[in-house]
Amino acid sequence: MIRGPGPHAVLLIGPAGIGKTTLALDLAAGLLCTAEDVGTRPCRVCRACRLVEHGSHPDVHRLGPEGPGRQVVIGGPGSRWRGVRDLITDLALMPVEGGARVAIIERASRMNDDAQAALLKTLEEPPAGVTIVLCADAEEPLLPTIRSRCARLRLSPVAVREIEAILSDAGVAEPPLAARLARISGGRPGVAMGWAADPGALQVRDELARTLLDLTDARPSERLVAIRGALGRAMAMTASAEGAPASVPTRAPKAGARAANAATATSAATAAAPEGGEAAAEGDPDDLETEGPAARIPANERRRAAEAIVDLWTAIARDLALEGLGVEGSARELALLDETVALGRDLDPAALTAALDRLGRAAVLLATNVAPELVLDDLALGWPRRRSAAA
């Protein structure tokens with residue numbers, strides 16, 4: 001694309017933390033670079049490259065989720081949040097530096113339908129010299145008309161050794177920790193960097209992993225209690241990772257605990273209320289009351305926490321499935337290796353495969369406005385039991 005000619009619109013697809021935005025900025029730097037030898041672009045030393053690196057290039061226009069619902073909205077005059085219409089207005093202006101222009105839409109899978117419809121015309125007939133890069137965790141939430149107008153590139157997981165090298169070069173983790181983070185990151189350098197920067201969140205993650213493993217021995221009512229407790233801990237974990245205070249700093253109960261009282265059941269029923277589409281994206285009506293009238297949990301915070309749980313749950317299910325098949329040395333969660341080996345051999349492989357399929361669908365559902373609590377409840381109730389316990 002830097003050598004030209006290239007597509008005017010590109011869709012980068014891959015899980016969060018795999019490097020979509022990093023690649024998009026590299027592409028922007030390459031297209032805007034002023035080095036004489038095209039083969040050396042981006043050169044990293046010219047004025048344009050340095051401006052892109054510091055996030056201040058006037059011809060790089062970035063758009064991402066904003067507001068309580070953390071959606072990419074339509075925006076425009078009168079809107080509280082910057083959206084697609086504002087981006088289109090920026091792209092209609094002449095370039096400041098006189099060269100190319102690049103628009104980067106981060107988490108494009110969070111674009112609501114109005115925003116996607118507003119973007120279609122620009123994707124069909126972009127202004128001269130404009131390249132639009134969409135970064136999406138999943139392509140299913142995007143309209144077929146959006147996908148068909150973009151050149152699609154799916155990013156593959158980064159090798160464990162390469163992630164270790166990234167952490168080492170950045171000086172954020174000692175070799176033993178870097179090796180562990182590289183394994184549990186699932187090939188996503190950004191995730192590994194996030195865990196390295198927040199040891200407290202990493203500890204919470206370990207607690208959540210044990211809670212999810214314990215679900216195999218729990219009764220249905222205990223599973224529901226445990227998964228709601230896990231959601232609370234995941235909220236604290238994701239808030240910590242983003243430098244924000246946690247709304248629900250409660251400790252996750254064990255799956256077998258008999259802590260399910262009437263108050264918990266009432267809170268769970270309230271939390272399971274479906275979310276309301278655009279209302280959830282733009283306002284507060286869908287936020288939940290938790291510990292008193294003043295304590296409210298935004299829908300986007302609950303959704304991010306549920307996404308973190310599904311991501312961790314998928315990693316655990318993967319390890320269990322591979323251990324059940326006798327594939328040695330494949331587990332990523334080495335801290336749980338003994339439990340994973342024993343449990344993987346005591347679970348029905350077909351049930352684990354079904355659980356992995358359900359987790360994949362859950363990740364897609366969470367990218368929409370489905371209530372996170374309902375998604376987690378379904379996963380908890382459908383999680384397989386030990387064959388020995390069932391017998």
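Thr 340 is found in helix H14 (residues 337–344), where helices are DSSP runs of H or I at least four residues long, numbered from the N terminus. The model is a predicted one, with local features needing pLDDT of at least 70 and side-chain atom pairs counted only at pLDDT 80 or more, while totals for chains, interfaces and linings use all residues. Numbering starts from 1 along each chain as its sequence is written, and side-chain values use heavy atoms, with hydrogens and water left out. Thr 340 counts as buried because its relative accessibility is 4%, buried being under 20% relative accessible area with a 1.4 Å probe and protein chains only. Setting aside neighbours within four places in sequence, Thr 340 has contacts (heavy atoms within 4.5 Å) with Asp 319, Leu 320 and Glu 323.

Next, the packing of H13. Helix H9 (residues 199–214) meets helix H13 (residues 299–324) at about 60°, and their axes are 10 Å apart; axes are lines fitted to C-alpha atoms over the stretch in contact, with angles from 0 to 180 degrees between N-to-C directions. That angle makes H9 oblique to H13, since angles under 35 degrees count as roughly parallel, over 145 as roughly antiparallel, 65 to 115 as roughly perpendicular and the rest as oblique. On the H9 side the contact is made by Arg 205, Leu 208, Ala 209, Leu 212 and Leu 213, and on the H13 side by Ile 309, Leu 312, Trp 313, Ile 316 and Leu 320. Sorted by class, that comes to nine nonpolar, no polar and one charged residues.

H13 also packs against helix H15 (residues 349–366), this time at about 160° with the axes 10 Å apart, so H13 and H15 run roughly antiparallel to each other. H13 contributes residues including Arg 303, Glu 307, Trp 313 and Leu 320 to this contact, and H15 contributes Leu 352, Leu 356, Leu 359, Ala 362, Ala 363 and Leu 366.

As for nonpolar cores (sets of buried Ala, Val, Leu, Ile, Met, Phe, Trp, Tyr and Cys residues joined through side-chain atoms within 4.5 Å), the largest has 50 residues, and Leu 181, Ile 309 and Trp 313 have the most contacts inside it. Elements giving two or more residues to this core include H9, H13 and H15, with H13 giving the most, 10 residues. Beyond residues up to four places away in sequence, Leu 181 touches Leu 167, Ala 173, Ala 192, Trp 195, Ala 196 and Leu 202. A second, separate core of 24 residues includes Leu 63, Val 84, Ala 108 and Ala 118.

Terms used
Nonpolar A, V, L, I, M, F, W, Y, C, P; charged D, E, K, R; others polar.
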